[in-house]
Amino acid sequence: MDARVAERSDTRTIRIERIFDAPRELVFDAWTKPEYLLRWFAPQGCTIHFEHIDVRPGGRFHSCIYNPSFGDCWCVGVYQEIVRAERIAFSLAIADSAGNEIDAAQGGHDPQWPRETLVRVMLEDLGGSTRLTLEQNALESLARKTGAYPSWLQMLDRLDAVTRTGNG
Amino acid sequence: MVVHELNLTFLALSDPTRRVILERLRRGSATVNELAEPFGISQQAVSKHVAYLERASLIEKRREGREQFCSLRVNSLRQAHQWIDSYRQFWDGAFDRLDLLLEELKKPKRRVRRNHGRKSR
């Protein structure tokens, strides 16, 4: 379907918009029913397995994505918010098979990856079809821990202007 | 350590005073004294923030005579951009599969109604 990536590269937030030709309720089910998640919640060519999943606010999941080229990639997360047919938010962190959070490099990933990110999914009814907006943010997840403000995003916007002019 | 560099960048940016310092340095290098001016806090307090930003590789200091000048380093910000692409690829791939699943989920309902003439609830 129509895929649009409106990336705010300046803020370390990934923002992806996509329209699915299905009602909101169905898209929501696909995100919240484990039997559906098993069918799609991994890139092409990969399989996903849930060691544990409890889809409700405060509920945790522990998953393993098997990638034929890279092997197992374990993740843990906690659902922060679930509003039927509207919103889902969860944290996502690289983990080991026992469910302990680990550093990206230990998990065989690019060491520059943030340890934990926050994923927020918003669903909008377009009369039969659904606009899904996904935001994944390393800053926000850290901000929650450190009690900082989202105003640093504006800060980064401005800093990015400097980055682009290329002095330094 | 490299592993923590990115988190260090983000943590360094989490403080409002440090953001103002970076904001000031966008306009050019400055001494710690000059950086301290707008805050009404001690030079020592500002020095701590400056040290934090230096550890996060967001700024660098250089000595000229008796003065130490701070200036912005943009490379560490560039590095922080790189992780975005990997995540984007993940979602694009997964969403292609979600599309297929949704198509499949929509079908059975229609078929039930058409083939068996079952009334919807």
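**Exercise 1.** Which residue with a positive phi follows H4(B)?

*Solution.* The model is a predicted one, in which local features need pLDDT of at least 70, side-chain atom pairs count only at pLDDT 80 or more, and totals for chains, interfaces and linings use all residues. Residues are numbered from 1 along each chain as its sequence is written, while chains are lettered from A and ligands numbered from 1 in the order in which they are written. Helices (H or I, at least four residues) and strands (E, at least two) are DSSP runs, numbered from the N terminus. Step one: after H4(B) comes Ser57(B), with a positive phi near 60 degrees. Step two: Ser57(B) is not a glycine. Step three: the residue sits in the loop that connects H4 to strand S2 (59-64) of chain B. Step four: a residue is buried if 20 or more other C-beta atoms, placed from the backbone, lie within 10 Å of its own, exposed if 12 or fewer, and partly exposed in between. Ser57(B) has 16 other C-beta atoms within 10 Å and is therefore partly exposed.

**Exercise 2.** Describe the elements of each chain in order.

*Solution.* Chain A contains four helices and eight strands, arranged along the sequence as β-β-α-α-β-β-β-β-β-β-α-α. Chain B has five helices and three strands, and from the N terminus their order is α-α-β-α-α-β-β-α. In chain A, 29% of the 168 residues are buried; in chain B, 26% of the 121 residues are. Two residues are in contact if their C-beta atoms, placed from the backbone, lie within 7 Å. Counting contacts between residues at least 6 apart in sequence, 37% of those in chain A join residues at least 24 apart. For chain B, counted between residues at least 6 apart, 51% join residues at least 24 apart.

**Exercise 3.** What span should helix H4 of chain B have, and where do its buried residues lie?

*Solution.* Begin with the length: the expected span is 1.5 Å times one less than the number of residues. For the 13 residues of H4(B), residues 43-55, this gives 18 Å, and the end C-alpha atoms are 18 Å apart, in agreement. Next, list the buried residues of H4(B): Val46(B), His49(B), Val50(B) and Leu53(B). Viewed down the axis of H4(B), these buried residues fall within an arc of 100 degrees, so they line one face of the helix. The arc is that of the directions from the helix axis to the C-beta atoms.

**Exercise 4.** At what angle do H2(B) and H4(B) pack, and which residues meet?

*Solution.* Helix H2 of chain B comprises residues 16-26, and its packing angle with H4(B) is about 75 degrees, with the axes 10 Å apart. H2(B) is thus roughly perpendicular to H4(B), a term for angles of 65 to 115 degrees (under 35 is roughly parallel, over 145 roughly antiparallel, the rest oblique). From H2(B), Thr17(B), Arg18(B), Ile21(B) and Leu22(B) meet His49(B), Val50(B), Tyr52(B) and Leu53(B) of H4(B). By class, this contact of H2(B) with H4(B) has five nonpolar, two polar and one charged residues. Here Ala, Val, Leu, Ile, Met, Phe, Trp, Tyr, Cys and Pro count as nonpolar, Asp, Glu, Lys and Arg as charged, and the others, Gly among them, as polar.

Turn now to burial in H2(B): Arg18(B), Arg19(B), Ile21(B), Leu22(B) and Leu25(B) are buried. Down the axis of H2(B), its buried residues fall within an arc of 160 degrees, so they line one face of the helix. H2(B) is followed by Gly28(B), with a positive phi near 135 degrees.

**Exercise 5.** Is Leu35(B) buried or exposed?

*Solution.* First, locate the residue: Leu35(B) belongs to helix H3 (residues 32-36) of chain B. With 22 other C-beta atoms within 10 Å, Leu35(B) is buried. Leaving aside residues up to four places away in sequence, Leu35(B) touches Ile21(B), Arg24(B), Ala30(B), Val46(B), Val50(B) and Cys70(B). Finally, the C-alpha atoms of Leu35(B) and Ile21(B) are 6.4 Å apart, although 14 residues separate them along the chain.

Definitions and conventions: Axes are lines fitted to C-alpha atoms, for helices over the stretch in contact, and angles run from 0 to 180 degrees between N-to-C directions.
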